[in-house]
Amino acid sequence: MFALLQKISKNLVVVIPVMMVAGFVYGVSADTGWLKSMIVPFTFLMVYPMMVTLKIRKVFEGGDVKAQILTQLINFGLIPFLAFGVGLLFFKDNPYMALGLLLAGLVPTSGMTISWTGFAKGNMSAAIKMTVIGLILGSLATPFYVQAFMGTTIDISLLAVFRQIVFIVFLPMVLGFLTQWFLVSRYGQGLFQKEIGPKFPAFSTLGVLGIVFVALALKAKTIASAPEVLLDILVPLVIIYGVNFVLSTVVGKFFLSRGDAIALVYGSVMRNLSIALAIAINAFGTKGSDAALVIAMAYVIQVQSAAWYVRFTPKIFGDSQAESMQGAVTVPVKG
């Protein structure tokens, strides 16, 4: 079972589109009313497992301060405004799809931030800190950004959004921390990190796939009547991710070391689409299914672009061994 989940997690670029198609087929051929009752269980299954392995203590470690500041400036000072602007341009007649773009740009970093940073041989410690900081700041800031940007076009209850974020993010975070503490106390830190902890994120994948299935099933009849809507969604998403990759790459290239630059790219481009999806479908009810559809499509762009960026990383930032050797040469001179 675990091996199957791991295989699914490593092939999201294929599995998510398959689940989207399955949800669409079900939605046009069967009653979808009962699926709404599955949203809460899928949401918890999606968020709680990844919280069990969250290394909150990493935030208090020193180093890479410049990388952390630049990452969060991009995450909260630039990308939400970009997402909002693109949403206005492409979805001026559908505010809930514009909301989907905004939500996808508001909650930065996920477990994949750490994974992709590792694949590209970047600074893993910096990526872990970015993940924790981005998750907490994004969860706290999201209601205010949504109210400020979309409050005039969408009926938004700030309290309702906060309530959903507490339920979706902070309750699972507390439960995940307690679970981690219990497992470490019982089995030891080494066994938890090597054997127990790595099993949890794979279960989040089931929640993600479940929510994607529900989101597409609920919108299936709308898509069937106007299939071009999928292309309408893909174009603005490609623009947002493209600008984000270029911006983060340039900032990292000019201001940071290789390892920190790679962490910055994945710490700013990778969005926590699971959280965004959960907020869209829980806080905005049936109308939020438009936003959820946009976020579900973002999974495809995000995973595919992240994988391609790993391939081009040596050409962009140079080889990791060259940086290590340079460090080895300069240390004695400095002393």
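The model is a predicted one.

Start with charge. The structure holds 1 salt bridge. Its partners are Lys129 and Asp64, whose closest N and O atoms are 3.2 Å apart. Is Lys129 buried or exposed? Lys129 is buried, and Asp64 is buried too.

Helix H4 spans residues 65-77, and helix H5 spans residues 79-90. How do these two helices lie against each other? Two packed helices are described by the angle between their axes and the distance between the axes. For H4 and H5, the axes come within 4 Å and cross at roughly 25 degrees. Angles under 35 degrees count as roughly parallel, so H4 is roughly parallel to H5. The contact draws on Ile74, Asn75, Phe76 and Gly77 from H4. From H5 come Ile79, Pro80 and Phe81. By class, 5 of the contact residues are nonpolar and 2 are polar. None of them is charged.

The next pair is H11 and H15. Helix H11 runs over residues 200-225, and helix H15 over residues 288-317. Their axes come within 9 Å and cross at roughly 120 degrees. That angle makes H11 oblique to H15. The crossing is left-handed. On the H11 side, the contact residues are Val208, Val212, Ala215, Leu216, Leu218, Lys219 and Ile223. They meet Ser289, Asp290, Ala292, Leu293, Ala296 and Tyr299 in H15. This contact divides into 10 nonpolar, 1 polar and 2 charged residues.

Where does Thr249 lie? Thr249 is part of helix H12, which covers residues 229-255. Why does Thr249 count as buried? Its relative accessibility is 14%, and buried means under 20%. Leaving aside residues up to four places away in sequence, Thr249 touches Val265, Tyr309, Ile316 and Phe317.

Methods: Residues numbered from 1 in each chain as written. Predicted model: local features only at pLDDT ≥ 70, side-chain atom pairs only at ≥ 80, totals over all residues. Heavy atoms only, no water. Helix = DSSP H or I, 4+ residues; strand = E, 2+ residues; numbered from the N terminus. Buried < 20%, exposed > 50% of the residue type's maximum accessible area, 1.4 Å probe, protein only. Contact = heavy atoms within 4.5 Å. Axes fitted to C-alpha atoms, helices over the stretch in contact; angles between N-to-C directions. Parallel < 35°, antiparallel > 145°, perpendicular 65-115°, else oblique. Left-handed = near helix turned anticlockwise from the far one by under 90°. Nonpolar A, V, L, I, M, F, W, Y, C, P; charged D, E, K, R; others polar. Salt bridge = Lys/Arg side-chain N within 4 Å of Asp/Glu carboxyl O.
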